[in-house]
Amino acid sequence: MDLIRILIAILIPPLGVFLQVGIGGAFWLNILLTLLGYIPGIVHAVWVIARR
């Protein structure tokens, strides 16, 4: 299941974080990072998914 979440995180980073932790601080931070740059959003999303 984590592999699917990581693939989703590469395509749509906030969705990957949402599937892992729901709506919370990490989700909003990921939206901000994705808006500031797509790569930071991906890195954060993969980190959140791999951490748990």
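Analyst: A residue is called buried under 20% relative accessible area, exposed over 50% and partly exposed in between, with a 1.4 Å probe and protein chains only. By that rule phenylalanine 27 is buried because its relative accessibility is 12%, whereas tryptophan 28 counts as exposed because its relative accessible area is 52%.

This is a predicted model, in which local features need pLDDT of at least 70 and side-chain atom pairs count only at pLDDT 80 or more, while totals for chains, interfaces and linings use all residues. Residues are numbered from 1 along each chain as its sequence is written, and side-chain values use heavy atoms, without hydrogens and water. The pLDDT, the predictor's confidence in each residue from 0 to 100, averages 93 over the protein, and 100% of the residues score at least 70. Helices are DSSP runs of H or I with at least four residues, strands are runs of E with at least two, and both are numbered from the N terminus; mean confidence is lowest in helix 1 (residues 2-11), at 90, and highest in helix 3 (residues 25-36), at 95.

Rings of Phe, Tyr and Trp (for Trp, its six-membered ring) pair if their centres lie within 6.5 Å, and the planes count as stacked under 30 degrees apart, edge-to-face over 60 and tilted for the rest. The whole structure holds 2 aromatic pairs by this search. One of them joins phenylalanine 27 to tryptophan 28 in an edge-to-face arrangement, with 5.1 Å from centre to centre and 70 degrees between the planes. Ring pairs connect Phe18, Phe27 and Trp28 into a cluster.

Two members of that cluster, Phe18 and Trp28, also belong to a nonpolar surface patch. Isoleucine 39 lies in helix 4 and is exposed, because its relative accessibility is 58%.

A further aromatic residue, tryptophan 47, has arginine 51 over its face, 4.6 Å from the ring centre; a charge sits over a ring if NZ of Lys or CZ of Arg is within 6 Å of the ring centre and within 35 degrees of the ring normal.

Definitions and conventions. Patches are made of residues with over 30% relative accessible area and no salt bridge: like charges are joined within 9 Å, nonpolar side chains (Val, Leu, Ile, Met, Phe, Trp, Tyr) within 5 Å. Accessible areas come from the Shrake-Rupley method with a 1.4 Å probe; for residues, only the protein chains shown count as cover. A salt bridge is a side-chain nitrogen of Lys or Arg within 4 Å of a carboxyl oxygen of Asp or Glu.
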